[in-house]
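Okay, thanks for coming, everyone.

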Amino acid sequence: MVVRRSTSDLAFRNWVLEQPEGETLLRCYQCGRCTSACPVAAIDNSFNPRLFLQKILLADESLAEEQLVWTCLTCEQCEVRCPEHVKIPHLLILAKVRGLVGGNIPQAALDRARAILAGGRIIMVNESMLKTRDKMGLPDLGQPPVDQIASVLKEIGLAKKLENVESVYGGGSNE
Amino acid sequence: MTKTVVVIGAGLAGIQVTQQLTDLGVTVHLIEKESIIGGLATHLGRVFPTGDCALCLDACEELFDGHHRRCQYRSLLTSKKNLKLYTQTEIRSITEVDGKFSLSIKSHPRYVLLDRCVVCLECINVCDVEIPDEYAIRGGTRKAIYRPISQGVPLVPLIDMDHCTQCGKCVEVCGVDAIDLAEKAKTRTIKADALILATGVEEKIPLNLPGYAYSESDDIITQRELARLIDPTGDTDGQVITSSGDAAAKVTMILCAGSRDLEATEYCSQACCTYSLKHANMLRDKEIDVTICYMDLRVQKASNHYLDLAREKGVKFLRGKPDRVVVRNGKPTTIVEDTQTQQRMEIESDIVVLASPLSPLASQSEVLADFLGEYGFALRVVKEGRVYACGTATGPEDIPTSIAEANAIALRVYADLEGGR
Amino acid sequence: MSKMKTYTYFPGCMVPFRLPHFELAARAVLKKLDIELEANPGHACCPEPTTFTGVDFEAWITLAARNVAVSETTGLETLSLCSGCFHTLAVANHMIQEDENLKGRINERLKTVGLKVTGRLIVKNILHVLHGDVGLERIKKEITHPLTGLKFAPHYGCHLVRPLEATHMDDAEQPKWMDDLIEVTGAEVADFEDKMACCGAPIMPSDADKAFTLTADRIEKIRASGADAIIVVCPTCYTQLETQQKKATAKFDPEYSIPVLYLGELLAISMGMKDMVISNARRYHRVKVGPLLEKIGGAA
Ligand SMILES: Cc1cc2nc3c(=O)[nH]c(=O)nc-3n(C[C@H](O)[C@H](O)[C@H](O)COP(=O)(O)OP(=O)(O)OC[C@H]3O[C@@H](n4cnc5c(N)ncnc54)[C@H](O)[C@@H]3O)c2cc1C
Ligand code: SF4
Ligand code: SF4
Ligand code: SF4
Ligand code: SF4
C-alpha cells in the first residue's frame, strides 16, 4: 500500500484543489486519526483514508482507479474526528469522479445515474406504486421535469460522458 | 520615589519576576488566588531539564548560574521588606487613574494567623474531618485543617470552611493561639505604577474531549495526574498503580490530546512533549512498558537528552494520533494507526495518559480580559510602561523559558519605570 | 385550534414510492400537530448523496441546487423525510452559501431553466420540525397510548446528522433529539455502543459483504442493549436494517431478529393510530412487527 508510482505532473492534485472544499486537503498533517476512526478500515486493512489523502497530496492519480475508494461509506466518522476538519469523504468522492472514465464505478451507481438523467428519479415508478399511493390517500407527485435536468447539465456534458462508461465491477445491481 | 508593581500570580514566573524587581528596589505586591505559591510547579515533582524538584531549584546552579530560579521553600518571599504576598486573594477591579493603577483586592481568610503559627502541625493531627485531597489521584485524603502540599509556602496550614465542623479541637490544641475560626475576608485597595500578569496556565481537564473517554475510567488520566502518581510525596508514595490498586505494567501515552486540534485547542502546548518524555523515562526506571503515540516530537534543545534517554531506555514510539480509547474488560484500549507500518493497532494497557492542553488561567478572570489577546494569552508588553506579562501567561512554555521571560520582563519594567533605558 | 403550518415537502424517490408508509405515518402525525406538507411538481431526485456524488460532483451539486432553487420559489421552509435527500439539499445549500464562485457557476446553469439559487432556503429534517418547531411539550399532549415498558434503540444514521455545519443538528457524535422523541412516547431509550455508527447501506453497490459485516456489527451491538426495536428516520437505513437484516445477522446469530420502526410509525402508535401501522405492517416490514405491536397491547 505504499505509494507505488506518482505522476510527474500535478494535474490530479491541482484539479482536486480547485473543486469546492477541495483545498481542505492541504490541512491534512497525516496524523492517521481518520484511519483509526474509520469503520471500514477496521474491517479491511487495505482501506486507509490517510493513505488515500497522501496519494492525492502526491498527485498520484492511481487512486482514481482504486476500487477501494468506492467502499467509503461517506459516514464522516473520520471527518468528525479529524483535528484539521479535512473533508475526507468529500475528497474521496472527488477521486471517484476522476475514475469515472476508466470505469471505476459500481454498476448500481451507474444505473442510478442513468436513471436520474432519463427519468429524474433513481427508481422506476410503476403503476402499482402509484395505485398504492392513491389508496393510501397520498397526493399525486407528478412527473419530474426531465427536460430541466438535461438543460442544467448541458454544460457539464454528463450524459455524453456516461454513454461510453462501462463499469469494471460488472454484474447487476444489488437492489 | 520608589515605584510599586503588582504581580498577579505566584507561579514560578511570578515568583521570579518579583524576586528580581524587589532586589532592584522596586516594591512589589504579589497576588495569588491559591493558598500557596508555586502554581503548576506544586504538582510536578521532578522537572526537566535538570531533574530537580520543581520547588527547590537551587541545585541547578551549574546549568543556569544560580540566579534564575530560587527555592521557594527557603525563599525570602515572606520576609522581604519591599514585598507583600497576598494568598487566597482575588482581584475585584482594576482602574487606571492619573497614570496609576488602583486595584481592589479581596483576601479570603486562612483562619490560621500567619504571624503567630509556628507550624507545629498539632492542629492537623487532632482534626477529625477527612475529605478527598485535591493533590491525590488514588483516593488520598486530607483534613479540614490542612496544608495542600508539605513544602507549600506559606507553610502555615489553612482551614477549609466548606468542610470544617467548627468542633474547636484545633483551637484548643494550638499552643500559640494562632487559629481564629471567625476570621473575616479583607478587602483592600492597592496602588501601583505597573502590572505584571504571571497568571500562568492550567492543564485542561479533558472531560468533553471526544474519543478519549477520560470521564469513563480512572485509568485514563492526564500527565499532571501521572506526575502526582510518580511523586514520592503523593498519595501513592510514588507507586504507579491502577484504579483497582494493582501496579501498572503497561502505560500508553497520547500526545496532543486536544492540542493542535481545530475542535479543541488550536495551538501546540509546547511543554507536553518533553514532560511526557520525562514521565516515560521515570516509568521505564520502574520497568513499566511505555508506548508514546505522537504526531511529531517537539522538544526544546535544552531538553533533547530526554529524547535520547527515552530511546535508550526502550520507550516505544508509535507515530499516529489515536482516534479513541475504549474501555474493554476494565482496561483502556487505544485504537490508533501506526502510520509507519500502516497497521491499525489496538493497544491494551493498564493506564492511558493524555497530554492535555495547557490553557490560560487569565481568561477565567473578568478583570483581566482587557489585557488578553489570542486564545486568552497576553503579549509580554501589553501596554508600554504599564502592563506586562511573563511566564506561561504569554503562551504555553516550559520552566526555563518562563524564568527567562520573567527575568527579561523584570529588567524591562525596571527600565521603563525608572527611565533608565 | 391553532393555525396550520405548511412546509414544502421534498419527497425524493425512496419514501413516496418504495416506502409510502413512511409518508403516510409522517403526514398523519404532523397533521395532529397542525402541520401540512405541500409537494411541488418542480422537484426531482435530490440526487442521492452516496453514489451520484462520485459519478460527477459538479452535476450532483447542480441538480441539488436546482431542487433548492425550486424550493426557494415556494417561500416556505422545506422538509424532507429522507435523510439522503435532506443531506443533499442541506449540503448543497451550505456549499452555495460558502462559495460565491460555485454559486455563480450554478446560477449560470439554472438560468437556462429560469431558476436562481440564493442560499437563503431553510432545509429541515423531521427532527428539526418535531423537536425544534413543534416542541416536546406539544407532542406530549398528543400521546394517548404511552409506550411504557418498552425500550427502543435510536439509529440516527450518518447523513441526517453530518456534517453539522450543513445539517444544523445538535451533535455529531451524541445526538439527542430522537432520544427525546422516544422518551416523549413514554418508552425508554436503549443505550448501546457506537451510537452514530453507519448502517452499511452506502457500500451495498460496491461491496455488499463488507456492508453486511457493518450491518451485523450494528445489530449485534443494539442487541446487547436489550432494545425491543430499532427506530430509524432514514428510508435507506430502514431498508438496510430491515430487509437486509437476515443476511446480516447470519454473520453472528441467524436466529436473532429485531423489528425496525420508522420514527413516524412509533409516534403514530403512541398517538393512537396503531391500526394504520398494523395495516401496512405485512407489506412493508420484513421483520415481523406483530409481536411488538401486541406487546404494546390494547386496540388503538
Ligand atoms: C504535567 C506537567 C509537567 C511539567 N513538567 C515540566 C518540567 O519537567 N519542566 C519544565 O520546565 N516545565 C514543566 N511543565 C511546565 C511548567 O509547569 C510551566 O512552564 C510552569 O510551571 C509555568 O509557570 P508560570 O508561573 O508561568 O505559571 P503557573 O505555574 O501556572 O502559575 C500561575 C499562578 O498564577 C495564579 N493565578 C492565575 N490567575 C490568577 C488570578 N486571576 N489572580 C491571582 N492569581 C492567579 C495561579 O493560581 C498560579 O499560582 C510541566 C507542566 C505540566 C502540566
Ligand atoms: S485525521 Fe485529518 S489530518 Fe489526520 S491524517 Fe486524517 S485527514 Fe489528515
Ligand atoms: S467517511 Fe469513508 S473514510 Fe471516512 S470513516 Fe466513513 S467510511 Fe471511513
Ligand atoms: S495553627 Fe497552631 S497548632 Fe496548627 S500548626 Fe499552627 S501553631 Fe501548630
Ligand atoms: S508539545 Fe508536543 S504533545 Fe504538546 S501539543 Fe505540542 S506537539 Fe503536542
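Let me start in chain C, where Pro47(C) sits in the loop between strand S2 (35–39) and helix H3 (52–55). When I say helix or strand, I mean DSSP runs numbered from the N terminus, with H or I of at least four residues for helices and E of at least two for strands.

Before I go on, the housekeeping. This is a predicted model, so bear in mind that local features need pLDDT of at least 70 and side-chain atom pairs count only at pLDDT 80 or more, while totals for chains, interfaces and linings use all residues. Residues are numbered from 1 along each chain as its sequence is written, chains are lettered from A and ligands numbered from 1 in the order in which they are written, and side-chain values use heavy atoms, with hydrogens and water left out.

Which residue does a cis peptide bond join to Arg162(C)? That's Pro163(C), and omega there is about -5°. Pro163(C) falls in the loop between helix H9 (158–161) and helix H10 (164–167) of chain C.

Why point these out? Most peptide bonds are trans, and most residues other than glycine have a negative phi.

Asp34(C) is not a glycine, yet its phi is positive, about 60°. Its place is the loop between helix H2 (20–32) and S2 of chain C. Is Asp34(C) buried or exposed? Asp34(C) counts as buried, because its relative accessibility is 9%. The cut-offs are under 20% relative accessible area for buried, over 50% for exposed, and partly exposed in between, using a 1.4 Å probe and protein chains only.

Over in chain B, Leu121(B) also isn't a glycine and has a positive phi, about 70°. You'll find Leu121(B) in the loop between strand S7 (100–107) and helix H3 (122–126) of chain B. Leu121(B) has 24% relative accessibility, so it counts as partly exposed.

One more from chain C: Met204(C), in the loop between strand S6 (188–189) and helix H12 (208–224). Met204(C) is at 9% relative accessibility and therefore counts as buried. Where is Glu100(C) relative to Met204(C)? The two are 104 residues apart in sequence and 35 Å apart in space, C-alpha to C-alpha.

Now the arginine. Arg50(A) is in helix H4 (residues 49–57) of chain A, and it counts as buried because its relative accessibility is 3%. Which side chains does Arg50(A) reach with polar contacts? One is Gln30(A), at 2.9 Å, and another is Glu337(B), over in chain B, at 2.7 Å. A polar contact here is a pair of N or O atoms within 3.5 Å; within protein, one must be able to donate a hydrogen and the other to accept it, and residues adjacent in sequence count only if both atoms are side-chain atoms.

If you leave aside neighbours within four places in sequence, Arg50(A) is in contact (heavy atoms within 4.5 Å) with Gln30(A), Cys31(A), Gly32(A), Cys34(A) and Thr35(A), and on the chain B side with Glu337(B), Thr339(B) and Gln342(B).

Chain A has 10 helices and zero strands. Its C-alpha atoms fill a box of roughly 55 × 35 × 30 Å along the principal axes. Of its 175 residues, 57% are buried. And for contacts in chain A with a separation of 6 or more, 74% are between residues 24 or more positions apart.

Chain B, on the other hand, has eight helices and 25 strands. Its radius of gyration is 22 Å, close to the 22 Å that the globule rule gives for 421 residues, so chain B is as compact as a globular protein of that length. That radius is taken over C-alpha atoms, and the rule is 2.2 Å times the number of residues to the power 0.38. The C-alpha trace of chain B spans about 70 × 55 × 40 Å along its principal axes.
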